[in-house]
Amino acid sequence: ERVAVGTNGGDIIVFPDTSRSGVFIADAHLMGVNVVSMFPSGKVLLSGGADTRARIWSLEEEEPFEACD
């Protein structure tokens, strides 16, 4: 099971359960990340930031495939 954390700088780090190194998503938000939620598949992440944006991320691509500004 993956664990995702957001930073005050607007980045997201996703940690797999078997390693200390994580997937780093730089500049996920313009301001701090307020919330992250993993979809049950573990392949998709929803994030919301202080920049009032909500984004849906493909963790396989490390790119947002939907952004709501």
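Predicted model: local features only at pLDDT ≥ 70, side-chain atom pairs only at ≥ 80, totals over all residues.
Modeller: Residues are numbered from 1 along each chain as its sequence is written. Local features need pLDDT of at least 70 and side-chain atom pairs count only at pLDDT 80 or more, while totals for chains, interfaces and linings use all residues, and side-chain values use heavy atoms, with hydrogens and water left out.

Biologist: Why is W57 called buried?

Modeller: W57 has a relative accessible area of 2%. Buried means under 20%, exposed over 50% and partly exposed in between, with a 1.4 Å probe and protein chains only; W57 is therefore buried. In the protein chain, 30% of the 69 residues count as buried.

Biologist: Which residues make up the largest nonpolar core?

Modeller: That core has 9 residues in all: A4, I12, V14, I25, A28, V33, L45, W57 and L59. A nonpolar core is a set of buried Ala, Val, Leu, Ile, Met, Phe, Trp, Tyr and Cys residues joined through side-chain atoms within 4.5 Å.

Biologist: What makes the link between the side chains of W57 and S47 a polar contact?

Modeller: The two side chains are joined at 2.9 Å. The definition asks for a pair of N or O atoms within 3.5 Å; within protein, one must be able to donate a hydrogen and the other to accept it, and residues adjacent in sequence count only if both atoms are side-chain atoms. The W57–S47 pair is accordingly listed as a polar contact.

Biologist: Where in the secondary structure is W57 found?

Modeller: W57 is in strand β6, residues 54-58. The chain has 0 helices and 7 strands, where helices (H or I, at least four residues) and strands (E, at least two) are DSSP runs numbered from the N terminus.
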